[in-house]
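This report is written for someone meeting the structure for the first time.

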Amino acid sequence: MKSLDNNINDNINDNKLSASSSISCDNLRVDCEKCFGLCCVALYFSSSEGFPENKDAGKPCINLQQNFQCKVHENLTQMGLKGCTAYDCFGAGQKVAQVTYNGEHWRKSPEYAEEMFQVFLIQRQLHEMLWYLIDGLKFQEDHKIQEKFRAIISKTEELTNLSAGKLLALDLVPHRMAVNSLLKETSEMVRKKVGGSNKSTLGRKKAFGGGLNLMGADLRKKDLRGQNLSGAFLIAADLRGTDLSGADLIGADLRNADLRGANLTNCIFLTQGQINSAKGDLTTKLPYTLITPLSWKNK
Ligand code: SF4
């Protein structure tokens, strides 16, 4: 059997999903320049979760300027605005702004504002699914399973191109279930390959919500390869120098987790938002799909 590294290298051109699909991780990166500050308006947020203030959904953040740029963008980390740095729309913002509404925005067309915000929330779910599916595909070596992935990626991409009205009428539950089933199979296959098991060897109980409670844990001497860390609470955990190859990190809370020197190159289902909320530096090894946060470079 090929190693995880070889398998990923073989699939590194996963962006060639099919002749009819052009989607890649690059399309799923946040591009605030092409958005109209949708996440900074559409979402409800609270200051206790690392946002600048408590605000209702649909109300613009106090730091959102008329040109849709964030007034404090350069200082989000220093200001401790973890909610902002950790939020990842997976490119749904620019899709809604530029494709679904073809450049119309909520300030110019306030009568559509509420609808745009609802569409953004749906589009974000679809883009998030695409992110995980593209990530999962790169680990697959079975051609039949690869085809299943390509088909569901194309279907999901098709959904993102629907009109606002059709997006609002979508029942995402069956589609999400089909996506989740493929992701779960992938997680099991990858973790097994690196010798992980379904049983955690970390000696921690599950917290509310189903993820392992590893808040503040010193995990430097633990073998984390192939561990199921999906939904784990890793807030402020010490992961320095650890090898997370084949570990499933879907939905794990990595706020303030220390990733200096950690190897995340071949972990599964990691997102830019998770990385942005953690601590790291230039010795942290990331999957090729993720970008080293600016704040890590200045250490
Ligand atoms: S502080 Fe900036 S990034 Fe955060 S919600 Fe407000 S405008 Fe958006």
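## A loop residue and its surroundings

Asparagine 102 is exposed, because its relative accessible area is 65% (exposed means over 50% relative accessible area, buried under 20% and partly exposed in between, with a 1.4 Å probe and protein chains only). The model is a predicted one, in which local features need pLDDT of at least 70 and side-chain atom pairs count only at pLDDT 80 or more, while totals for chains, interfaces and linings use all residues. Residues are numbered from 1 along each chain as its sequence is written, and side-chain values use heavy atoms, with hydrogens and water left out.

Asparagine 102 sits in the loop between H4 and H5, and its phi is positive, about 50°, although it is not a glycine. Most residues other than glycine have a negative phi. Phenylalanine 269 also has a positive phi, of about 65°, without being a glycine, and its place is in the loop between H8 and H9. Phenylalanine 269 counts as buried because its relative accessibility is 1%. The table sets out the two residues.

| Residue | Phi | Relative accessible area |
|---|---|---|
| Asparagine 102 | about 50° | 65% |
| Phenylalanine 269 | about 65° | 1% |

Glycine 246 lies in the loop between helix H8 (173-193) and helix H9 (272-277), and it is buried, with a relative accessible area of 0%. Although glycine 246 and phenylalanine 269 are 23 residues apart in sequence, their C-alpha atoms are 9.8 Å apart in space.

Helix H4 (residues 92-100) comes before asparagine 102 and is mostly covered, with seven of its nine residues buried. Those buried residues are Ala92, Gly93, Gln94, Lys95, Val96, Ala97 and Thr100, and what covers them includes H5, H6 and helix H7 (164-169).

Two of these covering elements, helix H5 (residues 113-137) and helix H6 (residues 143-160), also pack against each other, at an angle of about 160° and with their axes 10 Å apart. Here the axes are lines fitted to C-alpha atoms over the stretch in contact, and angles run from 0 to 180 degrees between N-to-C directions. H5 and H6 are therefore roughly antiparallel, a term for angles over 145 degrees. The contact (heavy atoms within 4.5 Å) involves residues of both helices, including Leu126, Leu130 and Leu133 of H5 and Phe149, Ile152 and Ile153 of H6. By class, this contact has 10 nonpolar, six polar and two charged residues; Ala, Val, Leu, Ile, Met, Phe, Trp, Tyr, Cys and Pro count as nonpolar, Asp, Glu, Lys and Arg as charged, and the others, Gly among them, as polar.

The ligand has around it Cys40, Phe45, Pro52, Cys61, Asn63, Leu64, Cys70, Val72, Leu76 and Cys84, each with a heavy atom within 4 Å of it. By class, this shell has nine nonpolar residues, one polar residue and no charged ones.

For the protein as a whole, there are 10 helices and zero strands, where helices are DSSP runs (H or I) of at least four residues and strands (E) of at least two, numbered from the N terminus. Of its 299 residues, 48% count as buried. Among contacts between residues at least 6 apart in sequence, 48% join residues at least 24 apart.

Terms used: Parallel < 35°, antiparallel > 145°, perpendicular 65-115°, else oblique.
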